[in-house]
Amino acid sequence: MRLHNRTSRILAVAGTLVALSMAIGCKGFFVNPTLTTVTVGPATPSIQQGSTFQMTATGTFDDGSTKTLTGNVLWSSSDSSIATVSNSGVVAGVAAGSATITATSGTVSGSTSVTITLANLVSIAISPTNPSISNGSTQQFKATGTVQGGSTVDITNSVTWLSSVTTVAQISSGGLATAEGAGQTTITASSGNISSAPVTLTITP
């Protein structure tokens, strides 16, 4: 009888230890994963002035899982005069240009650049046409947009500038070309799907 009681007590203690171990294990198993990155999408979208666009925020956690966080992050715009963003991630184009849209959850954030194009833009013209400058000097270009109805707008600071040969000349976001070496490069300006005719920039020694 004593042996039976002792065996029962041993089994009871063992059962308690097993239950405690399982409880501790389960507690560790159900710890919430930690957010590591926030991705804002789609990447570098372009919308017209006066239009709206839905952005999304996707969180990636330390266990490799992902979750849509669009409605649970803090949205912000780097320049509300260019683009605004609502609490639900809807971007509104205010004026032509670019702004950075950021989504933040706690200490983790992600961002992307949004380009707002001029509404009803028909064409873009660059001036001056085919200039020539010496090596080491600069040339300021101007972009003029023509909209439906025929009116024109200076869009120098809201287009995307491109130099075809960057070893000959670099060009800034404001249209300032800097000569890097003798030769020729073509300069273009674009906004959305509208691009200018290329002009040739010649760099002399």
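**Labels and their criteria**

Modeller: Threonine 156 lies in the loop between S15 and S16, where strands (E, at least two residues) and helices (H or I, at least four) are DSSP runs numbered from the N terminus. The model is predicted: local features need pLDDT of at least 70, side-chain atom pairs count only at pLDDT 80 or more, and totals for chains, interfaces and linings use all residues. Residues are numbered from 1 along each chain as its sequence is written, and side-chain values use heavy atoms, with hydrogens and water left out.

Biologist: Why is threonine 156 called buried?

Modeller: Buried means under 20% relative accessible area, exposed over 50%, and partly exposed in between (1.4 Å probe, protein chains only). Threonine 156 has 8% relative accessibility, so this residue counts as buried. Not counting residues up to four places away in sequence, threonine 156 touches Gln140, Phe141, Lys142, Ala143, Trp161, Ser173 and Gly174, a contact being heavy atoms within 4.5 Å.

Biologist: What joins the side chains of threonine 156 and aspartate 154?

Modeller: A polar contact of 2.7 Å joins them. The term requires a pair of N or O atoms within 3.5 Å; within protein, one must be able to donate a hydrogen and the other to accept it, and residues adjacent in sequence count only if both atoms are side-chain atoms.

Biologist: What makes the pair of phenylalanine 141 and tryptophan 161 an aromatic pair, and of which kind?

Modeller: Rings of Phe, Tyr and Trp (its six-membered ring) pair if their centres lie within 6.5 Å; planes under 30 degrees apart count as stacked, over 60 as edge-to-face and the rest as tilted. By this rule the count comes to one aromatic pair. Phenylalanine 141 and tryptophan 161 are 6.3 Å apart centre to centre, with 40 degrees between the planes, and the pair is tilted. The two residues stand 20 apart in the chain: phenylalanine 141 is in the loop between strand S13 (138-140) and strand S14 (142-147), and tryptophan 161 is in strand S16 (residues 160-163). Phenylalanine 141 is buried at 1% relative accessibility, and tryptophan 161 is buried at 9%.

Biologist: How do you know that S11 and S14 pair?

Modeller: Two strands pair if DSSP finds at least two bridges between them. Six bridges join S11 to S14, and the two run antiparallel; in one of these positions, isoleucine 124 has glycine 145 in S14 as its bridge partner.

Biologist: In what order do the three strands of this open sheet stand, and why are S11 and S15 at the edges?

Modeller: The order is S11-S14-S15, with antiparallel pairing. Strand S11 (121-127) and strand S15 (152-154) each have a single partner strand, so one side of each is left without a neighbour in the sheet.

Biologist: What makes S9 and S10 a hairpin?

Modeller: S9 and strand S10 (residues 108-117) pair in the antiparallel sense over nine bridges. Two residues lie between S9 and S10 in the hairpin, and glycine 106 in the turn has a positive phi of about 65 degrees. Serine 105 stands opposite valine 108 in S10. Strand S9 (residues 97-105) is also joined by four bridges to strand S6 (residues 74-77), again antiparallel.

Biologist: How many helices and strands does the protein chain have, and what share of its residues is buried?

Modeller: The protein chain has one helix and 21 strands, and buried residues make up 32% of its 205 residues.
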